[in-house]
Amino acid sequence: MKPTDIQNPEYFHKVVDCQYACPAHTPVPEYIRLIAEGKYTEAYMINWDSNVFPGVLGRTCDRPCEPACRRGRIEEEPVAICRLKRVAADNKGNVKQHMPQGPFAPNGKKIALIGAGPASLTVARDLAPLGYEIHLYDEQKKGGGFMRSQIPSFRLPERVLDEEVNYITDMGIHTHYNQYVSSLKEILAMNYDAVFVGSGAPQGRDLPKLEGRQEGDANIHIGINWLASVAFEHTSKIGKKVIVLGGGNTAMDCCRTSRRLGGDDVKVIVRSPFADMKASPWEKEDAMHEDIPIIDNHVPKSFVIKNGKLAGMMFEKVEAVYDDNGKRKLVPTGEPDAFYEADDVLVAIGQENSFPWIERDLGIEFDKWDMPVVDPITYCSTNKKVFFGGDAAFGPKNVITAVAHGHQAAISIHLSCEGLSMMDRPAPHVNLVSQKMGIHEWSYDSMVADDERYIVPQADKKITLSNRMQEVELGFDPLTGFKEAQRCLNCDVQTVFTENKCIECDACMDVCPTSCITFTVNEEEDALRAHTKVPAHNMEQDLYVSDILPTKRVMVKDENVCLHCGLCAERCPTSAWDMKKFFYNVTKAVNACQQETAL
Amino acid sequence: MTYVRPKFRHPELKKNKLGYTLSYYEGALSTLCAGCGHDSISAGIVQACYDLDIEPHKVAKLSGIGCSSKTPAYFLSNSHGFNSVHGRMPSVATGANLANRELKYIGISGDGDTASIGMGQFVHVIRRNLNMLYIVMNNGCYGLTKGQDSATADEGSKNKTGHVNLFQSIDLASLAIELGATFVAQSFSGDKKQLVPLIKAAMKHQGFAFINVISPCVTFNNNVGSTKSYDYVREHVEATGTVDFVPAMKEITADYAEGNTEHVVLHDGSMIELHKLAQGWDPHNRISAMNAVHHAKSKGEILTGLLYMEHESKDLHDMLGTTGKALNTLGKDVLCPGSAKLKELNASLR
């Protein structure tokens with residue numbers, strides 16, 4: 001293998017699994033260390049810079065970082081990254097003073113943002129400090145988009161959302177709430193320099209052809225619409241017996257909301273096997289904890305109507321059969337169909353994009369699925385003035401993905417308004433600094449804590465089920481937050497090897513607790529992976545290979561289960577190993593011509 | 001600060017026949033200087049015991065005084081241990097071995113502990129062919145007292161302060177061959193590929209097995225001009241051949257040129273596969289082995305690998321005709337047969 005090019009920041013970036021997995025590349029270990037130090041404000045600001053909604057995401061994020069966390073490969077559970085973020089948000093001091101302070105000198109450019117969800121708000125936050133005049137349109141009475149209409153208040157209190165939306169709108173954003181944009185042509189006629197579409201995926205899927213759908217309509221609701229109507233207080237009760245169709249997180253929110261609005265006998269019924277459900281494991285757990293059974297392998301067959309009113313639903317029982325390619329087929333088991341009673345049915349079987357308001361003669365190309373053609377790097381459509389982001393760009397994903405889109409779209413809009421090429425993406429901000437302070441002293445807490453993952457305390461079920469506004473999770477207290485933070489392995493403190501200092505004493509190889517380091521003859525990657533001390537089977541994790549050493553061998557480090565404990569560097573007599581803190585931050589439009597917020 | 005080794009290990013660590021992973025053979029985190037050759041030897045012992053499927057509680061590790069003699073704390077935490085008086089490890093090992101011949105004995109000593117204060121004990125334990133592995137971690141200096149030249153420092157070797165050694169060195173491997181040791185090898189801490197099979201073969205040898213391991217003192221004797229530095233040893237090392245340890249019942253598949261490969265069967269059916277590199281050297285001939293060492297020395301080389309081994313070696317128990325069992329497994333009536341037996345014995349001597 002060729003020596004690893006550690007000059008390329010992407011190499012070390014990939015070692016920081018959590019940050020790499022985060023769509024917005026939030027510097028996770030950096031803020032976790034700050035939480036451990038009790039510097040909640042600073043931790044919050046690291047988050048705010050990357051993901052814009054730390055308080056919201058600390059409660060509701062899909063957490064792609066956690067399955068990626070190295071700790072999960074070493075013991076049972078990853079670090080509770082998401083809930084640590086909430087610790088920062090809950091305990092922070094005055095953060096507003098660290099945010100860009102308006103009024104900002106206008107740059108003469110005017111931008112429209114359609115939809116006030118996380119993608120648009122991110123664009124607004126990144127561009128407002130640069131002097132753009134920003135107009136934000138939304139049909140609802142407040143900003144937040146799906147974060148407000150879809151996420152129930154027992155998971156995300158309104159005050160948390162209001163606070164983080166207001167940090168942005170307070171930057172001098174012109175909000176046009178209660179205003180449904182019905183024509184993009186009209187918006188474009190208003191001579192905006194750029195238009196950003198962050199209108200989400202607002203259409204819930206239905207089962208229009210299922211028998212009894214029309215007759216039972218009064219008691220059959222589309223999940224996302226129903227959640228929105230609860231959030232905006234148009235709906236305040238539901239029948240005693242409720243069936244929720246679907247296996248995603250919206251289904252989980254629907255069933256749990258139903259429990260709070262009078263549903264005593266609430267069931268989730270899903271076509272797929274339990275393990276294949278799209279909902280996050282923790283959301284399934286929370287639903288089951290609220291006495292909601294999840295019945296899997298049941299395909300809806302008909303709505304059963306009695307006396308002109310919905311009485312329940314009939315389901316066909318199936319089992320999942322997987323072919324050689326792992327493709328799933330649901331095959332009927334031949335058992336008799338199952339009937340479940342219901343006063344109300346909530347259909348939460350997915351959502352779709354819908355752009356009835358975009359005229360098709362504006363130079364915006366749509367593909368065969370009727371989705372706009374959007375560049376995955378610039379987020380620009382085929383009309384160079386129109387940008388897309390969030391669920392509107394590539395279909396339903398999640399908040400953190402929408403934020404990541406927003407950052408990139410903001411850069412494109414800025415480059416485009418400056419007359420520069422949108423393909424000239426700014427390089428990330430990187431820094432690599434030794435943490436050595438003495439023979440055994442490192443400026444980070446290198447001791448690896450043995451603690452198992454801490455459980456977030458929850459409010460009493462009696463209280464939470466009787467009050468829709470009562471938040472279920474109470475968050476870690478500062479002490480538990482500290483202990484959980486100590487579980488972080490500090491994967492951003494990188495093991496950096498310098499060949500010409502190495503005397504090949506083997507000390508690092510001998511001391512490494514997780515057998516990551518091997519000195520061996522150089523070979524092709526496959527052979528090298530087989531000949532490391534413990535074969536390096538995890539192909540997603542790189543091998544760090546040195547140049548040829550005096551004994552004609554190379555140093556090979558399998559990054560897979562490195563604890564970043566620093567023992568290799570401590571036992572190295574010549575400092576050929578060093579522990580260097582790697583800071584990687586995606587450049588945002590706001591950083592492009594403004595100094596970073598000094599903390 | 002990392003004075004504590006994290007408890008996590010690689011989740012895919014393989015288990016040996018006993019169901020133990022390598023970590024079960026580890027010891028405490030070393031407090032020796034970073035980069036000390038001794039730590040590599042400790043790691044070699046850990047590897048060898050794991051590979052040989054040795055039950056740690058069937059091993060006793062013994063040592064004297066010095067940096068080397070601290071190392072038993074850093075391997076085989078689950079074994080018996082005795083950190084004895086300076087240079088007196090052989091006596092303790094002899095006593096322990098006579099009382100319980102069923103344990104494997106690993107004696108760890110240094111150049112000071114063996115070639116100076118313990119020289120008397122060393123030569124007598126060789127004479128008695130005590131069944132043990134005796135490793136000297138040889139760095140040519142007194143590292144624990146800040147690097148004074150030891151008795152194994154080569155004449156003309158320069159230490160860290162610039163002082164040149166005026167005296168002839170004691171060559172422990174030659175001495176062991178001369179005194180009749182039944183297994184003698186020499187190795188380098190920086191070459192585990194050679195060291196680990198040697199340790200395995202030595203542990204399987206019935207009788208006194210001696211390995212002199214050159215183990216650089218990274219703090220006091222790793223300078224230019226020293227003949228025990230990493231660089232010097234790497235440049236001057238010459239191997240008698242390569243040694244592979246073949247466990248009993250395993251088919252030999254290695255393909256070497258005819259005539260250069262020899263299989264030495266050990267008492268338990270396991271085998272050493274020896275690929276000879278040195279010309280005119282016969283590892284079973286004491287004179288030939290001695291010649292090979294001296295010949296290499298005259299060329300300024302350090303001969304490593306297996307130097308000498310005796311096929312049919314009679315250890316101390318065989319010579320004394322002692323009981324085949326450990327004393328602690330014998331009943332009180334056997335160990336102490338009573339006054340009638342004593343009278344009978346006395347009468348027979350009258």
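Val243(B) stands opposite Leu274(B) in strand E12 of chain B. This is a predicted model: local features need pLDDT of at least 70, side-chain atom pairs count only at pLDDT 80 or more, and totals for chains, interfaces and linings use all residues. Residues are numbered from 1 along each chain as its sequence is written, with chains lettered from A and ligands numbered from 1 in the order in which they are written.

**The sheet in chain B**

The pair Val243(B) and Leu274(B) belongs to an open sheet of three strands, in the order E10-E12-E11, with antiparallel pairing. Strands (E, at least two residues) and helices (H or I, at least four) are DSSP runs, numbered from the N terminus. Two strands pair if DSSP finds at least two bridges between them. E10(B) and E12(B), residues 271–276, are joined antiparallel over six bridges. E10(B) (241–246) and E11(B) (261–265) are the edge strands; each has a single partner strand, so one side of each has no neighbour in the sheet. From one strand to the next, the twist averages 20°.

Helix H7 of chain B, residues 192–204, packs on this sheet. H7(B) touches E10 and E12 of chain B, and its direction makes about 50° with that of E10(B). Axes here are lines fitted to C-alpha atoms, for helices over the stretch in contact, and angles run from 0 to 180 degrees between N-to-C directions.

**Chain B as a whole**

Chain B has twelve helices and 13 strands. Its C-alpha atoms fill a box of roughly 70 × 55 × 50 Å along the principal axes. A compact globule of 350 residues would have a radius of gyration near 20 Å; chain B agrees, with 21 Å. That radius is taken over C-alpha atoms, and the globule rule is 2.2 Å times the number of residues to the power 0.38.

**Where the chains meet**

The contact takes 29 residues from chain A and 25 residues from chain B. Residues are in contact if their C-beta atoms, placed from the backbone, lie within 7 Å. On the chain B side, the elements that give two or more residues are helix H1 (37–51) and helix H8 (230–236). H1(B) supplies the largest share, four residues. By class, this side has twelve nonpolar, six polar and seven charged residues. Ala, Val, Leu, Ile, Met, Phe, Trp, Tyr, Cys and Pro count as nonpolar, Asp, Glu, Lys and Arg as charged, and the others, Gly among them, as polar.

**A helix pair in chain A**

The axes of H4(A) (residues 40–51) and H8(A) (residues 81–91) come within 8 Å and cross at roughly 120°. That makes H4(A) oblique to H8(A). Tyr40(A), Ala43(A), Tyr44(A) and Asn47(A) of H4(A) make the contact with Lys85(A), Ala88(A), Ala89(A) and Asn91(A) of H8(A). By class, this contact has five nonpolar, two polar and one charged residues.

**Strand pairs in chain A**

E11(A), residues 309–322, pairs with E10(A), residues 298–306. The table lists pairings of E11(A).

| Strands | Sense | Bridges | Residues facing |
|---|---|---|---|
| E10(A) and E11(A) | antiparallel | eight | Ile305(A), Leu310(A) |
| E11(A) and E12(A) | antiparallel | five | Glu319(A), Val331(A) |
| E11(A) and E13(A) | antiparallel | four | Phe315(A), Ala338(A) |

E10(A) and E11(A) form a hairpin with two residues between them. In its turn, Asn307(A) has a positive phi of about 55°. E11(A) and E12(A) also form a hairpin, with five residues between them. There, Gly326(A) in the turn has a positive phi of about 80°.

Technical notes:
Two residues are in contact if their C-beta atoms, placed from the backbone, lie within 7 Å. Angles under 35 degrees count as roughly parallel, over 145 as roughly antiparallel, 65 to 115 as roughly perpendicular and the rest as oblique.
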